[in-house]
Amino acid sequence: MLLIKYPILEGNFTIGVTAPSSGLTETMYGYIHDIKKRFSNHEINIAPTTLMQHKAKSTEADVRASELNAFFKDHTTDIIIPPFGGELALEIINKIDYRQLRTKWLLGYSDISTILLAITLKTGIATAHGPNLVDLRGVYSDSTTDMWTKVLKTKTGGKVIQCSSEKYQSKWDHNNPTECVFNLDSPTEWKVVNEDEVQIEGRLLGGCTDVIHHLIGTPFGDVNKFRETFINNDAVIWYLENCEASSTEFRRTLLQMQLAGWFDNCSGLLFGRTRVVDDIEGYTIDDVYKDLAEELKMPVIYDIDCGHMPPQMTFINGAYAIVECKNGNGKLTQRFI
């Protein structure tokens with residue numbers, strides 16, 4: 001019996017744009033022109049919060065939640081893509097109408113991953129961790145980012161394969177975007193702790209650790225119930241990325257996830273590239289990965305294509321995945337079963 005519910009994109013899909021976390025400031029309004037040009041063959045419905053931003057959020061939580069709920073219920077909207085992340089998506093977690101959500105894609109990352117993970121854990125509806133809308137405003141997308149449509153058009157029972165990028169962006173230069181938005185300047189290399197190569201299988205769950213760990217201990221972060229209800233206790237592969245946390249704060253966050261049982265029956269951990277390079281008294285992010293691999297006795301792959309150092313693959317919460325890493329190259333196969 002299929003328990004994960006997979007949305008699907010077909011034809012000239014209609015995009016709903018809302019800002020459940022942060023919206024665009026006036027200096028960014030030009031992005032909307034670029035987005036409309038890029039998606040000229042699609043209908044785009046831009047909700048008011050998209051063009052709002054005040055005190056670290058687009059607007060009040062009730063309004064943000066209402067827009068998101070409305071897009072989920074709307075029969076004409078095929079996919080919801082927020083402009084980008086932000087800081088306070090957690091404020092609307094208890095205001096989402098989980099019982100009334102139609103099976104449609106929600107795509108994004110960063111603070112949006114809080115909402116993605118909560119929806120999948122509560123409802124079994126697959127959600128998509130990948131580019132935000134502003135990442136798609138270029139004349140074209142790089143080959144890694146561009147896979148989002150192929151992934152989201154995969155039918156239930158089908159599979160889709162993504163491979164690691166050739167280059168990634170080492171730092172943001174917002175004033176000088178390329179035709180594909182990103183400045184891809186550094187060679188990509190997936191790495192494995194204490195191994196030359198590895199293959200792992202399991203159900204994908206994940207997001208930005210800075211924000212998703214706040215779901216622990218709430219009704220919206222019950223991973224054990226999700227395992228029992230929706231994936232028949234299959235092993236889980238966690239894909240995670242650290243935006244801003246220091247090495248020690250990152251370590252504390254992951255320990256909290258571990259102590260909460262999130263890493264029980266886990267077949268491996270994947271970590272996206274991080275901009276955090278400073279150590280705390282000699283303790284580095286790489287040390288965090290090594291400690292985890294030793295304590296949990298499972299494969300740890302890091303510097304993958306996920307998160308705030310683009311490009312990134314599109315990871316589907318709930319999908320069955322096979323992850324392979326060899327000689328610095330990565331391969332992600334997702335099966336919608």
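Reader: Let's start with α1: what do its buried residues pack against?
Author: Keep in mind that we're looking at a predicted model here. In it, the buried residues of α1 pack against residues 44-46, which go by the name β2.

Reader: OK, and which residues of helix α1 are buried?
Author: The helix covers residues 30-38. To count as buried, a residue needs a relative accessible area under 20%. In α1, the ones that are buried are Y31, I32 and I35.

Reader: How wide is the arc that those buried residues of α1 fall within, seen down the axis?
Author: Remember that the buried residues of α1 are Y31, I32 and I35. Seen down the axis, they line one face of the helix, because they fall within an arc of 100°.

Reader: How far apart are the C-alpha atoms of K36 and R137?
Author: Along the chain, K36 and R137 are 101 residues apart.

Reader: Moving on, are α7 and α8 roughly parallel or roughly antiparallel?
Author: Two packed helices are described by the angle between their axes and the distance between the axes. Here α7 (residues 247-259) and α8 (residues 285-296) pack at about 25°, with axes 9 Å apart. Angles under 35 degrees count as roughly parallel. So the angle makes α7 and α8 roughly parallel.

Reader: And is the crossing of α7 and α8 left-handed or right-handed?
Author: From α7, the contact is made by S247, F250, R251, L254, L255 and Q258. From α8, it is made by I285, V288, Y289, D291, L292, E295 and L296. As for the handedness, the crossing of α7 and α8 is right-handed.

Reader: How many residues in the contact of α7 with α8 are nonpolar?
Author: Let's sort the contact of α7 with α8 by class: two residues are polar and three are charged. The count of nonpolar ones is eight.

Reader: Which residues does Q258 contact, leaving aside its neighbours within four places in sequence?
Author: Q258 is found in helix α7. It counts as partly exposed because its relative accessibility is 23%. Apart from neighbours within four places, Q258 is in contact with F263, L292, E295 and L296.

Reader: How are α3 and α6 oriented to each other?
Author: Helix α3 (residues 112-123) and helix α6 (residues 223-230) pack at an angle of about 50°, and their axes are 8 Å apart. The cut-offs are under 35 degrees for roughly parallel and 65 to 115 for roughly perpendicular. The two helices, α3 and α6, are therefore oblique.

Reader: Which residues of α6 meet α3?
Author: The α3 side brings T120, L121, K122 and T123. Across from them, the α6 side has V223, F226 and F230.

Reader: D303 has a positive phi; about what value is it?
Author: D303 is found in strand β13. It is buried because its relative accessible area is 18%. Although D303 is not a glycine, its phi is positive, at about 65°.

Reader: And what is phi near in N327?
Author: N327 lies in the loop between β15 and β16. It counts as exposed because its relative accessibility is 64%. N327 is a residue other than glycine with a positive phi, near 55°.

Reader: Last one: what is omega near for the peptide bond from P310 to P311?
Author: P311 is found in the loop between β13 and β14. The peptide bond from P310 to P311 is cis, with omega near 10°.

Terms used: Residues are numbered from 1 along each chain as its sequence is written. This is a predicted model: local features need pLDDT of at least 70, side-chain atom pairs count only at pLDDT 80 or more; totals for chains, interfaces and linings use all residues. Side-chain values use heavy atoms; hydrogens and water are left out. Buried means under 20% relative accessible area, exposed over 50%, partly exposed in between (1.4 Å probe, protein chains only). Helices (H or I, at least four residues) and strands (E, at least two) are DSSP runs, numbered from the N terminus. The arc is that of the directions from the helix axis to the C-beta atoms. Contact means heavy atoms within 4.5 Å. Axes are lines fitted to C-alpha atoms, for helices over the stretch in contact, and angles run from 0 to 180 degrees between N-to-C directions. Angles under 35 degrees count as roughly parallel, over 145 as roughly antiparallel, 65 to 115 as roughly perpendicular and the rest as oblique. A crossing is left-handed if the near helix is turned anticlockwise from the far one by less than a right angle, and right-handed if clockwise. Ala, Val, Leu, Ile, Met, Phe, Trp, Tyr, Cys and Pro count as nonpolar, Asp, Glu, Lys and Arg as charged, and the others, Gly among them, as polar.
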